Amino acid sequence: MTGDKSQIHELIQADLDGELSVTERADLARLLLRDPDVRRLHNEFQQTDQLLRDIASAEPPLGLRASILAASELSARPVNPRHRQYGWPVYRVAAVILGGLLIVGISYLVRDGYAPGTDLQGSMGPAGGAETTGLIATRDHLSMRAEGVEVSASLRRNGQQLRLELNTTATIRCEVIASIDPATTTFVGKTGDAQLTAATGQVTVQLAIGSQAFVLDFSGAAPIQLQLRSGGRLLQEGRLSVSGP
Amino acid sequence: MNEGVDAARVRECLAGNPQAFAALVEQYEKPVYNVALRMLRNSEDARDIAQSVFLKAYQNLSNYDPQYKFYSWIYRMAINESLNILRVRGRDGGPVDERLPEQGAGPSELLAEGQKREVVLEAVGRLKPEHRAVIVLRYFVDRNYEDMGEILGIDAKTVKSRLYTARQLLKDQLSSRGAL
């Protein structure tokens, strides 16, 4: 092949992408006439290009659009930034100061042996295993993280029942197992493709890939045990308690 | 793809019109699904990613910067989610379920075309994720250099260079498999 090789390649690429100028088109035509190696290379790239173009677009599965729209209806509505409340820096500063004072106050109460009037008992305990990467439990909230998955769980009272909310982001297939009685459990709603299955004394939320939210109401007592598992392997576990009587 | 229409739909959606979001989903459901499908070669994963991308878009619509094209924003999310999966599972991305020949061809042609299609998709699947991404954007959602740069967060020169390398690798693979 004669001539500047990188320039020839660049011209062929631009030709495939329809980005050649008039001058460049003439340059390429000259090269193709003059050099059989350039013709062969051009031909091979054109065939590759055509094979890729011949692959038709795949049709999305039936029901995908409906499930997206159903999930978005369950999700929080997007808010126009111009209509946001508490957007003023002064509110943010005030919130930070108030939050700080609250934390200091609570820490004094705890240090002095004063028990708050609720039985909040968040607990934590990462599962054994080298891949455990983090677990933080705080009262009625629990965060579980492992490679490829994050789960945020919360438990609160909802009338006579308890409400378990799970927000998850997963890049691997995994499941969250809650030690609650399926017989007293009501499915409230979900986003994403998470699926619910039940066994004696436990409810399993099978997470699909992506971000999902799942809400369950159940009768029973707190605390409850949560396990994060993937392929039968325990990644994380923790206990979740609830505020209120 | 009309950027003005997309921007108007985003504004309507933020103003509380759910039909506007439905219109965006209708417009981009197929290309977002195809981006994920061609990146991962698994229809179930592609479906999960498409759903996740639109849900994230909906939840973060107020953070969307209108100086970028709406489709660039959601294609970027689809590419990134696919890359996350590839990072976790390795370059092959796990199970592949694309084995179907194309529709519409005659019986004898069907086999040859189906086989050729499979060889091409397999060759795309063997590319490194950054090369696969430019091929997917160029050939399966028909983006130009500028759009690809915006979606991938790289400059046009890098786009051209990656595209060239990707095509060269594909050409060599297809040639060695007798597809050229």
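A:Pro223 is found in the loop between β10 and β11 (224-230) of chain A. A word on those labels: helices (H or I, at least four residues) and strands (E, at least two) are DSSP runs, numbered from the N terminus. The peptide bond that joins A:Ala222 and A:Pro223 is cis, with omega about 0°.

Before going on, some ground rules. This is a predicted model, where local features need pLDDT of at least 70 and side-chain atom pairs count only at pLDDT 80 or more, while totals for chains, interfaces and linings use all residues. Residues are numbered from 1 along each chain as its sequence is written, chains are lettered from A and ligands numbered from 1 in the order in which they are written, and side-chain values use heavy atoms, with hydrogens and water left out.

Chain B has a backbone point as well. B:Arg41 is not a glycine, yet has a positive phi of about 60°. B:Arg41 sits in the loop between α2 and α3 of chain B. For background, most residues other than glycine have a negative phi, and most peptide bonds are trans.

Now the interface. Taking contact as heavy atoms within 4.5 Å, 55 residues of chain B and 51 residues of chain A take part. Buried area is the accessible area (1.4 Å probe) that two parts lose on being put together, summed over both. Between chain B and chain A that area is about 4,900 Å², and carbon and sulfur atoms give 59% of it. Of the area that chain B buries against chain A, 13% is supplied by B:Arg47, B:Gln51 and B:Tyr139, more than by any other three residues.

Next, polar contacts: pairs of N or O atoms within 3.5 Å, where within protein one must be able to donate a hydrogen and the other to accept it, and residues adjacent in sequence count only if both atoms are side-chain atoms. Between chain B and chain A, 16 residue pairs are in polar contact (both at pLDDT 80 or more). On the side of chain B that touches chain A, α1 (3-14), α2 (18-40), α3, α4 (70-89), α5 (107-126), α6 (129-140) and α8 (156-176) each supply at least two residues. The most comes from α3(B), with twelve residues. By class, this side has 28 nonpolar, ten polar and 17 charged residues. Here Ala, Val, Leu, Ile, Met, Phe, Trp, Tyr, Cys and Pro count as nonpolar, Asp, Glu, Lys and Arg as charged, and the others, Gly among them, as polar.

Side chains of opposite charge can pair when their charged atoms come close. A salt bridge is a side-chain nitrogen of Lys or Arg within 4 Å of a carboxyl oxygen of Asp or Glu. One joins the side chains of A:Arg173 and B:Asp45 (3.5 Å, N to O). In another, A:Asp17 and B:Arg167 have their closest N and O atoms 2.5 Å apart. A:Asp17 lies in the loop between α1 and α2 of chain A and B:Arg167 in helix α8 of chain B, so this pair joins two chains.

Last, the spaces. On a 1 Å grid over the protein atoms alone, a cavity is a set of points where a 1.4 Å probe fits but cannot get out, and a pocket is an open set with protein on both sides within 12 Å along at least five of seven lines; lining residues have an atom within 4 Å of a point. The second largest pocket has 15 lining residues, and the closest to its centre are A:His9, A:Glu10, A:Leu11, A:Gln13 and B:Lys160. Seven residues of its lining come from α1(A), which gives the most. The lining of the second largest cavity includes A:Gly192, A:Asp193, B:Asp48 and B:Gln51. There α3(B) gives the largest share, four residues.
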